Amino acid sequence: MLRCYAFLAALILVGFTAFDAHADRRVALVIGNSEYQQIPALKNPDRDARDVANTFRLAGFDVFVAKDLTKLQFEERFRQYLAAADGADLAVVYYSGHGFQIGGENFLIPVDASLKDAADIEVQAIKLDDVLEQLRTKSKIQVIILDACRNNPFPRKDYWLKDQLIVAGGSGLAQVKSSLNTLIAFATEPGAVAYDGTGDLSPFSSAFSRRALAPNQEIRTVMAAVRRDVVKATNGKQVPWENSSLIDDVVLVRSESLSAAEKIQPSGVGPVALNLPGGAAEAIESRDISIPVGVGPVSLKLGFPTTNPAVSLKLASYPATGTLSLPDRTLPPQSSLTADEIDNLRYEPQIGSATPVEIGFEIRAGNASRPATMKLSPSLNPCDQAAGAPLDLQGVVPGRSPNEIGGAAVEACEAAVKAYPDVARFHYELGRALLAAGKVGEAAKAIQEAADKGHVRAVFELGSIASSGIGTAVDPAKASGFYSRASDKGDPYAMAAWGRALFNGLGVQRDTGKGLDLLLKAAAMGHVNAMNDLALIFQEGRNGVPADPARALAFLKAGIERQGVYSMSILGLPARSASTVAVCKPKVVRKIVTKIKVVHIPTPTMPEVFQTPVKPRQNDAGPAPWRGSDGDHPEPRGSTGGGSQGSSGSTDTGSSVGSDRVSTGL
C-alpha cells in the first residue's frame with residue numbers, strides 16, 4: 001500500500017532554533033488517525049504518532065497527542081493546543097492519516113467522515129489552510145508536517161467549496177503557500193504518494209533516526225542528508241519535499257546546550273567520600289503539589305537542602321503531560337540539574353489535562369544515589385470554572401454561556417485578577433461575570449483591560465458592546481473595527497460577526513465572498529451560530545450563493561451534533577432544555593434528522609423563525625439583565641428581530657448562543 005511519512009526532521013530541527021536565553025515555548029500537536037469508520041483502517045498512523053510524540057518530548061516540546069479523532073474531538077483538541085501555543089516560539093502540527101486535495105485546497109480527514117454528499121467536506125473535514133492561519137496568529141515559527149499523501153479513498157469526487165462544486169484531486173496533496181517563518185513539509189512532492197517501506201518505519205523515518213540528532217547541524221544540511229537516504233532507499237521513487245520561508249538559522253541540538261550538571265567533572269574529592277545530604281529525598285518524595293492551569297510555568301519551591309555542586313538531580317521519569325523547565329531553558333526527559341538549580345524547577349500543566357502526573361528523580365552525590373517521586377495535580381482556577389467563555393482560543397475550559405454564570409463568579413474572578421494580574425484571560429472573565437451581574441460599567445472596564453493585555457475574545461466583546469449599545473451608544477462602525485481586529489486574530493465569534501456583516505453589507509461595504517469564507521471558518525471552529533447562518537444562506541440561496549437544501553441540512557445537523565438548540569428550532573424539532581440536549585446520544589439525533597430530511601415540509605419564513613426562538617433553561621436564578629434573542633447579547637436598539645440579517649436568532653454581534661453548547665470533545 002502506498003503511504004507517506006512526514007518530514008519529522010523539520011519539526012525537531014526547527015525546535016532547536018537558537019533564540020534569546022529563556023525557556024523557549026515550543027508546542028506540538030501530534031495526531032494519528034488509523035481507525036476510520038467508513039473506509040478501511042490504516043496500518044501505521046497510531047504507531048507513527050506515538051513515536052513522533054516521544055521524539056518531540058525528548059526535544060523539550062509540550063506535546064499534545066491525539067489518536068483517532070472525530071471532527072468534534074479535533075475541534076476541541078485543536079482549541080486546547082492553540083491556547084497552549086499562544087505566544088509560542090514554535091508551534092507544530094504533525095498529522096498522520098488520510099488527507100487529499102480539492103481544487104488546490106488540502107483537507108485532513110477525521111475518522112468519522114463519510115464524505116458521501118457534496119456538502120460533507122465542509123462539515124466533516126479539516127481545511128489545512130485554516131489550521132495554518134490559526135498557527136500564524138499564535139506563534140513566531142510555524143511548522144506543519146503532513147503524513148497524509150495517499151490516494152483519495154472516498155467514492156464521491158465533487159464537493160462544495162464556498163460557492164462552487166469542485167472535483168477532488170486524484171492523489172497526494174497540493175502545494176501550500178507559506179508565510180514568513182513557516183515550514184510545511186511533505187513526505188514526498190506535491191501530487192505524489194509515498195511508500196510504506198518494508199520495515200517498521202518508512203524510508204524517511206529510518207533516515208531521520210540516523211541523521212536528525214547529530215549535534216550542531218544546520219537544518220538544510222540534515223534535510224539534504226535525509227533526502228539522499230530516502231531517494232536511495234526507494235530507488236528514486238520518493239523525494240522528500242518541503243516549502244520553507246524560515247528566516248532564522250535553524251540548528252539541531254547544539255553541543256553547548258548540555259546542562260551544568262551534565263558538564264560537571266568533580267575533582268579533588270573522590271565520589272565514594274560523598275553522601276546524600278540529609279533531607280534531600282524528603283524535599284521531593286511523598287508530595288502532591290497543586291499546579292494551576294493556564295498561568296504559565298509555576299515554581300515547585302522544593303526547598304532542597306543543599307547547593308553543593310557535587311550534588312545533582314536527574315529526571316528519571318518525565319511527567320506524561322506538561323513541561324518542566326528552568327527560567328533559562330525547557331528540560332527534556334533525562335535532564336540533570338545541579339543542586340543550586342533545583343529550587344528553580346518549574347512545571348506547566350498541559351491545557352485540557354486534569355490527570356495528576358508523577359515525576360521520578362534520582363538524587364546523586366558521588367556514587368551514592370536515591371530515587372524520589374512526587375505528584376503534581378493540575379487544577380483549574382475557580383474563575384475559569386465560573387466564567388470561562390466557549391470557543392475562547394486563549395481559554396482553558398469548554399466555557400459557560402452568560403445565563404450559566406452564577407453570582408459567585410465575580411468574587412472568584414476578582415481573586416484571580418488579584419493573584420494573576422498579568423493573565424489577560426482573568427480580566428476578560430471578570431468582565432463576563434460583571435456583565436452577568438448587571439454591573440455594566442465595571443464590566444466594560446475589565447473587558448477593555450483584557451483587550452489591552454492581548455486577549456482576543458475581549459476585543460470581540462468590545463465590538464458586541466458597541467453594536468448592542470450595552471451601557472453606551474450604538475456604534476456600528478466601531479463594532480465593525482473590533483470585529484475585524486479580532487477576526488484577523490482567529491477568534492471564531494469575531495469571524496462569524498464580521499463575516500455576517502460583510503456578507504449582508506450591514507454597515508460596511510458588502511463583500512459576499514469574504515463574508516461567506518469567514519462564516520465557513522467560524523463554523524469549522526465549532527461556532528454553531530455560524531452553522532445556522534450558513535444553513536439559512538444555502539437553504540434560500542443569497543447574494544449569488546446557489547441554493548442547496550442538502551447543504552443547508554448538513555450544517556443544521558452539524559449544529560445539532562454540537563448541542564445546538566437553535567439548529568433544532570430551525571428544523572422544527574421539539575424544544576429541549578440545555579441539560580436535556582447535553583445527554584442526548586448522537587445516533588439518536590442523527591436518526592431524527594434523517595427522518596426530517598425526507599419529509600417535505602415548507603421551510604418557515606425568516607420572520608417566523610426569529611419570532612419564536614427556543615430559549616434554553618435558565619440555570620442561574622441570579623440577575624441576568626442582558627440576554628437577547630440568542631441567549632448571549634441583546635439585539636441592537638431598533639432591531640426588528642434580525643430577520644433581514646439572515647442569522648439564526650443572532651444579531652450582528654456574532655455572539656455565542658447561550659443554548660448552543662460546545663461538546664467537550666475528548
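1. Overall make-up. The protein chain of this predicted model holds 22 helices and 20 strands, and of its 666 residues 59% are buried. When contacts in the chain with a separation of 6 or more are considered, 70% of them are accounted for by residues 24 or more positions apart.

2. The largest nonpolar core. This core has 102 residues, and the members that touch the most other members are Ile-284, Leu-300, Phe-304, Ile-363, Met-374, Leu-376 and Phe-555. The element that gives the most to this core is helix α15, spanning residues 492–504, with nine residues. Apart from this core lies another one, of 54 residues, which includes Ile-121, Ala-125, Ala-168 and Val-176.

3. The surroundings of Phe-304. Once its neighbours within four places in sequence are left aside, Phe-304 is in contact with Ala-280, Ala-283, Ile-284, Val-311, Ala-339, Ile-342, Asp-343 and Ile-363. Among these partners, Ile-284 and Ile-363 are listed together with Phe-304 as members of the largest nonpolar core that touch the most other members.

4. The pair α17 and α18. Helix α17 (residues 528–540) packs against helix α18 (residues 549–561) at an angle of about 165°, and their axes are 7 Å apart. Because angles over 145 degrees count as roughly antiparallel, α17 is described as roughly antiparallel to α18; the crossing of the two helices is left-handed. On the α17 side the contact is made by Val-528, Met-531, Asn-532, Leu-534, Ala-535, Phe-538 and Gln-539, and on the α18 side by Pro-549, Arg-551, Ala-552, Phe-555, Leu-556, Ala-558 and Gly-559. Sorted by class, this contact has ten nonpolar, three polar and one charged residues. Phe-555, which takes part in this contact from α18, is also one of the residues listed for touching the most other members of the largest nonpolar core.

5. The pair α10 and α11. Helix α10 (residues 409–419) and helix α11 (residues 424–436) pack with their axes 9 Å apart and at an angle of about 160°, so α10 is roughly antiparallel to α11. Here too the crossing is left-handed. From α10, the residues Ala-409, Val-410, Cys-413, Glu-414, Ala-416 and Val-417 meet Phe-426, His-427, Glu-429, Leu-430, Ala-433 and Leu-434 of α11. By class, nine nonpolar, one polar and two charged residues form the contact of α10 with α11.

Definitions and conventions:
Residues numbered from 1 in each chain as written. Predicted model: local features only at pLDDT ≥ 70, side-chain atom pairs only at ≥ 80, totals over all residues. Heavy atoms only, no water. Axes fitted to C-alpha atoms, helices over the stretch in contact; angles between N-to-C directions. Helix = DSSP H or I, 4+ residues; strand = E, 2+ residues; numbered from the N terminus. Parallel < 35°, antiparallel > 145°, perpendicular 65-115°, else oblique. Left-handed = near helix turned anticlockwise from the far one by under 90°. Contact = heavy atoms within 4.5 Å. Nonpolar A, V, L, I, M, F, W, Y, C, P; charged D, E, K, R; others polar. Core = buried A, V, L, I, M, F, W, Y, C linked by side-chain atoms within 4.5 Å. Buried < 20%, exposed > 50% of the residue type's maximum accessible area, 1.4 Å probe, protein only.
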